[in-house]
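Please work through the exercises below with the sequence and the coordinates at hand. Each task is followed by a stepwise solution.

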Amino acid sequence: MSPSYTRVPAHRAIDRFAEAWDALVVAPPGQQYAAVLVLLTGEGESQPSTRTPLNSSLLHSLRARLVADDTALAPHALIEPRPAYGAGPATLLYDDITEDLDRTMPAGTGKLKFPSYWLLRDIVTNEELAERGTSRAREVRRAAYAEHLRRTSWARQHEQPREPTPGWLQPVKFVVELWTDWLAEPWFGYRTGRRMLRARNRNWYATWAWQLRGSPVRNFFASVQDLAPGGRNADSAMVDQALLRALLSDLDDAFRNRVLSPWRRRRVTRFVLLVEGAEPVDHQAPDALPGGPDGAPLQRFLTEYLVAAEELRSRSTLVVGCAQPEFAAELEAAPQADFEAAEGALRSGMRAQRGPVALTVPVRPEAEVAEWTARGQRKITPRFFRWGPVPGLALRCVMVTAVGATLIGGWHFTGFSPFSACPSGQFESRDRSTCLGVSDGTREFKGMPENFKYLFEKVATTNKEAGKSKGKNAAEVRTIVYFGPMTANAAGDSGLGGSLPELSGVAYSQHKHNEDVKRNGKGVQLKVLLANTGPLFEEAKAAAKEVVKMADEKNIVGVIGFGQSRSETYDAMKIIGEKGIPMVGTSATADSMLDPTKGSKLYYQLAPTNSRQAGILKAFLENEPLFPQGESEKTETADKALVVSDKDDEYSKNLADDFTKEFGKGKVISENYTPSKDDSPATLASNVCQEIKGKNIPIVWTARANELDSFYTQYQKTGCDGKLTVLGGDDVTNLSPESTQRKGLSLYHVTLTRAGSNGTNRAKEFVKGYDEFFNDWEDAGKNPQGSHSALGFDAVDLLSEAVNRARSKSYGDFRMDAVSVSLSSNFTTGYQAVTGFIAFEEEWRVPKNKAIYIVRYPNSSLSGSNAKGAKDPSVVLKCGNFGSEEHGMKWGPEENPQKYECPVDNRDHG
């Protein structure tokens, strides 16, 4: 016998493996255990069938541990290959799974309802919809509602003959008929759309459909019609994906505990799927069915299960199946040497925070496995409940009533409202999926992405330390507010912009400033409050009112952020400005942000205006060779440009208009792309391909960064060669590193800071300190080279300097009005910042000739003046006022860096 089998006796090793499996099955809902897929493979060479006697016997032995005296101890489904799975509709497999799981629910745990699965099943199996054309969202809703009624007991009673209604009940009859005939279906459509697209735990469809079509889903029935018979995605693969995700979503929801549900509380085991065999697919057989042999749909099920479980972060299911080694290798399941190793892997899976965990277990040694499966099996031991469901419900109602009375009684004294889902200073969003308002970092916003939590902890820690010094090193404390989106919407279109990297710069700048004050023994330390405006600043006005409400109590002296130029942002600026609080903008936004009639005269901006960006883009396109001439190294400049903008986004529209004015209207081809109106990236890609095919025309991208990524994915599928030259504004710095270096994409964009050889000493110091401060943070938002983190740092740094200067000229207490005067009067001579030299001239509340870079990513096919093969982008233009170190008035290639004139701001007519 091989030494690998003798470390632990075979029987004991299999026992431990089975015990580890049992522990995963009975994991309580409160524990965050990952989903697990175990593939049992036969010994030796590939078998013609995956259901060898050994692995099939082992699978049935594991199933036997879930049943005692013909009573199920855990819900499970045994899936065996059937010819109907390959030849029939895709719903057959999932119908069998749902039926088995519902039938094996342990006593007292209630029934499984599968609302999302039955909704999609009713739609994808309704053949009548095939005759309704392609624009049939209302017909799909009507058909789904009809099936919903058919399954409800109320509807069945409603269809039965009834006695004539007495006269005194006629008004009631009228109301009932008004509801059933006119209002019930639209209400069903609203609730269904909310549940599928915006419900906190079931918005998988919004993400999946967005990835499928390339733009956010606004109307559930308009989207799902593509899966109905006659739809463009009604093929088996897409329907399979949707049905499986709906099934997993329903199981995850059924697995979650509910405070007042005694049936949910008694669900203490996960759902187990046992797949007895998945035959190989013979792709070469000319007469093969679309589903292949009997087991092919089960192979597809196991493959798609891993993908869906990872997308949904599903934790409610465990899958064990018989498979061939080749198929297990295709799934990249972690191979285990024996049952002892498999037991360790399973116990590691119990501690996994993300899943699913997939592993392969060889069924060997054969004699010991055969002997183990032949003996009687132990049973799992789920938690025992003394009380039945009904007495348990009664007891819980009494407890909830008592607790509620206590809370309401203490409400008057504590100010805590038991009716609010958000803590003090916060309020619910319109769809009630997130909390907005103000936090000091100790309280997260409900619905906030995970990567913000690290920064909240950093801010909370610095806030806690502020003002703690005593004696001669004691420091005064003032408060500033970061104002921006920190929660995404449920439809998947995040609307966060650059708030994550901005906040990282804010956190570092606050820490550095407070440490400097502590070390020097003079100055004012800062606390930072975090004001969440919701995605796209949709609740900015309400958040601004919360800031103003606590301005005096918290001694707020400034607000920074305002990274998106939208009507809600202007309203917020007016509210904060009327209170007398100065504001500092941290992003390149529309020129109108500086218009005091729209916003506030107390708003200052660190980033250059769109008109300056447009002038830089024009100078670059007119002078920088972008396109190769034939096979030679020579290149030519662009004499035309195709501008992509979003007319509903003021920043995008303003930058596009400024560029068109600078470059010349006759040289610009305009394409509007408005995702908020369900514009398709595929349509945009097709239009762009038609305009530029065979021509040297670059794309000037003034829309948002996330929209560029989805557009280029579709562009690669067009009739063009997939190569594209793109010149973007500052918002393109929000692209992930992977998206900037995609094959065929030559990407250039504006940025406001660099730390490499072309960067200033201040920028290099910033990057070094930033990396040291965030040395334990691994996230895409950690980007010291991007504009947003540097602008966030500079905004806090500027306000801290204004606060210190206000303090030095004030006697006794000083507040926001003194800081506002300090900003308007103390920075006309200039201030050296990470992003360049900052000086506010007279009525101009934005620095003149603000420093700007244009960078090129190494995926460019050109052999320009910068070295190939660099992993970081290289600087191809550097213009503006960089402070005491240099004043960039000329730019050019490396061999002649003074070749071209830099555009300068002309403020005589601004």
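This is a predicted model: local features need pLDDT of at least 70, side-chain atom pairs count only at pLDDT 80 or more; totals for chains, interfaces and linings use all residues.

Residues are numbered from 1 along each chain as its sequence is written, and side-chain values use heavy atoms, with hydrogens and water left out.

**Exercise 1.** State how many helices and strands the protein has, and what share of its residues is buried.

Solution. Step one: the secondary structure consists of 30 helices and 29 strands, taken as DSSP runs numbered from the N terminus (helices H or I, at least four residues; strands E, at least two). Step two: of the 910 residues, 54% are buried (under 20% relative accessible area, 1.4 Å probe, protein chains only). Step three: among contacts (heavy atoms within 4.5 Å) between residues at least 6 apart in sequence, 71% join residues at least 24 apart.

**Exercise 2.** Determine how helix 20 and helix 22 pack, and which residues meet.

Solution. Step one: helix 20 (residues 540-549) and helix 22 (residues 567-578) have axes 8 Å apart, at an angle of about 15°; axes are lines fitted to C-alpha atoms over the stretch in contact, and angles run from 0 to 180 degrees between N-to-C directions. Step two: the two helices are therefore roughly parallel (angles under 35 degrees). Step three: Ala540, Lys541, Ala544, Lys545 and Val548 of helix 20 meet Glu568, Thr569, Asp571, Ala572, Ile575 and Ile576 of helix 22. Step four: the residues of this contact comprise six nonpolar, one polar and four charged (Ala, Val, Leu, Ile, Met, Phe, Trp, Tyr, Cys and Pro are nonpolar; Asp, Glu, Lys and Arg charged; the others, Gly among them, polar).

**Exercise 3.** Is helix 4 roughly parallel or roughly perpendicular to helix 13?

Solution. Step one: helix 4 (residues 91-103) packs on helix 13 (residues 296-312) at about 70°, with axes 11 Å apart. Step two: that makes helix 4 roughly perpendicular to helix 13 (65 to 115 degrees). Step three: Leu93, Tyr94 and Ile97 of helix 4 and Pro297, Leu298 and Phe301 of helix 13 make the contact. Step four: its residues divide into six nonpolar, no polar and no charged.

**Exercise 4.** Which residues touch the most other members of the largest nonpolar core?

Solution. Step one: a nonpolar core is a set of buried Ala, Val, Leu, Ile, Met, Phe, Trp, Tyr and Cys residues joined through side-chain atoms within 4.5 Å. Step two: in the largest, of 79 residues, these are Phe620, Phe659, Phe774 and Ile854. Step three: helix 29 (residues 787-808) gives the most to this core, ten residues. Step four: apart from it lies another core of 66 residues, including Leu37, Leu101, Ala143 and Phe221.

Technical notes:
Angles under 35 degrees count as roughly parallel, over 145 as roughly antiparallel, 65 to 115 as roughly perpendicular and the rest as oblique. Buried means under 20% relative accessible area, exposed over 50%, partly exposed in between (1.4 Å probe, protein chains only).
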